[in-house]
Amino acid sequence: MSRNRVRVGLVGWGLAGRTLHAPFIQVLTGFELVVAVTSRDIDPRLFPSARRLPTFEVLLGDPSVELVVIASPNAYHFEQALASLRAGKHVVCDKPLARSAGEVRALKSAAKEAGRLLIPFQNRRYDGDFRTLQQLLGSGALGRVHAFESRWSKYQSAPRVRAAWKAEPGFNGPLWDLCPHLIDQAIALFGVPQQVFARIHQHRPQAAMHDFVRLSLLYESGLEATLEVDQLDGFGGRYLALRGLLGSFEKRGFDPQEAALSAGAFPDSDSWGREPPESWGTLRALAGEELKESRVETLVGDCRLFYQSVLAAIVDGQPPPIELDDVVVQLQVIEAALRSQHSGEIVQL
């Protein structure tokens, strides 16, 4: 490893690579973004140390690159992660990490054999709304929780995608795009579910893939987690809710980080990831014998925390921020959802 900084090679310079990975790598002093595999131009004013590479194979042959960050199309994730590990690189890989739980286990074995880290990029664990849910559950303010809702919807009468590969059927669509985030959050909050029930539909006749997913994750405690993505929701947006014996909490609206990144901002200010009071969630909890309503300040969203943990794992041997076993469960849930959709029945996980 280099004496001062971990040298990073980024695979892909689309929305994910250019806006969700590169700015965080750039602002943290422990990293140096040295190469990116892309056909696009890289702005030297924003990323002065990064040079463009023509192919992934050239990146693997660069002995100075210690960490490969994979932000390529979904279909390449497994093969590129495996090749990077075998080339002796640490890896951060965007979701979905693989097509199946078996492929995730194969990657886990390859990482162990190579003596390198493979860290899934589940950045939505660092959204302010999710961090607020974690804090609220830890406080016990809601008592035993029996229901969790997580929706991420929008309205698109016809498919609109930023990249042509996202319009290709198969390893695309909400089940592989947004649902991995929602499933991961449910796993992080409540652990492994017992059963999965799914409804996956294609309502737009001109589309090449599904546009509606509703997953019910059922837990031994009686908790039901309802996860939904609907691309024909005229009142779309982000919605999170918890219901428990002592009260309920709900919140609407998106974490501000992605919008700021898409607008060209870098995560280098003290105000990064902060929400205005009008975006905070609402808690209705028992006070004596009556429900009392209050606003709950949203914790700061900050994906810098993810990459700081990646750095600590590489340099200091600290635990990685996301465990591969959680992604094994994530893919098991997706596989169960596909079986449930086919059979119309609840599937044991």
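Ring pairs join F31, F121, Y126, F306 and Y307 into a cluster. The model is predicted. A search of the whole structure turns up 11 aromatic pairs.

**Aromatic pair W13–F47**
- The ring centres of W13 and F47 lie 5.1 Å apart, with the planes at 80°, so this pair is edge-to-face.
- W13 sits in the loop between β1 (6-11) and α1 (15-27), while F47 sits in the loop between β2 (31-37) and β3 (51-53).
- The pair therefore ties together parts that are 34 residues apart in sequence.
- W13 has 4% relative accessibility and counts as buried.
- F47 also counts as buried, at 4% relative accessibility.
- The cut-off for buried is under 20% relative accessible area.

**Aromatic pair F121–Y307**
- F121 and Y307 form a tilted pair, 6.1 Å centre to centre and with 35° between the planes.
- This pair links distant parts of the chain, 186 residues apart.
- F121 belongs to strand β6 (residues 118-121), and Y307 belongs to helix α9 (residues 304-316).
- Both F121 and Y307 are buried.
- Both residues are members of the ring cluster, along with F31, Y126 and F306.

**Strand β11 and its partners**
- Strand β11 (residues 232-244) pairs with strand β7 (residues 145-155) in the antiparallel sense, over 9 bridges.
- β11 also pairs with strand β12 (residues 247-252), again antiparallel, over 6 bridges.
- β11 and β12 make a hairpin, with 2 residues between them.
- L240 of β11 stands opposite S150.
- In β12, the bridge partner of L240 is K251.

- Is A241 buried or exposed? At 4% relative accessibility, A241 counts as buried.
- Which residues does A241 touch, leaving aside those up to four places away in sequence? They are A147, F148, E149, F249 and E250.
- The C-alpha atoms of A241 and L283 are separated by 9.8 Å, and the two residues are 42 residues apart along the chain.
- In a regular strand, side chains alternate between the two faces of the sheet.

Definitions and conventions: Residues numbered from 1 in each chain as written. Predicted model: local features only at pLDDT ≥ 70, side-chain atom pairs only at ≥ 80, totals over all residues. Heavy atoms only, no water. Pairing = 2+ DSSP bridges. Helix = DSSP H or I, 4+ residues; strand = E, 2+ residues; numbered from the N terminus. Buried < 20%, exposed > 50% of the residue type's maximum accessible area, 1.4 Å probe, protein only. Contact = heavy atoms within 4.5 Å. Phe/Tyr/Trp six-rings, centres within 6.5 Å; stacked < 30°, edge-to-face > 60°.
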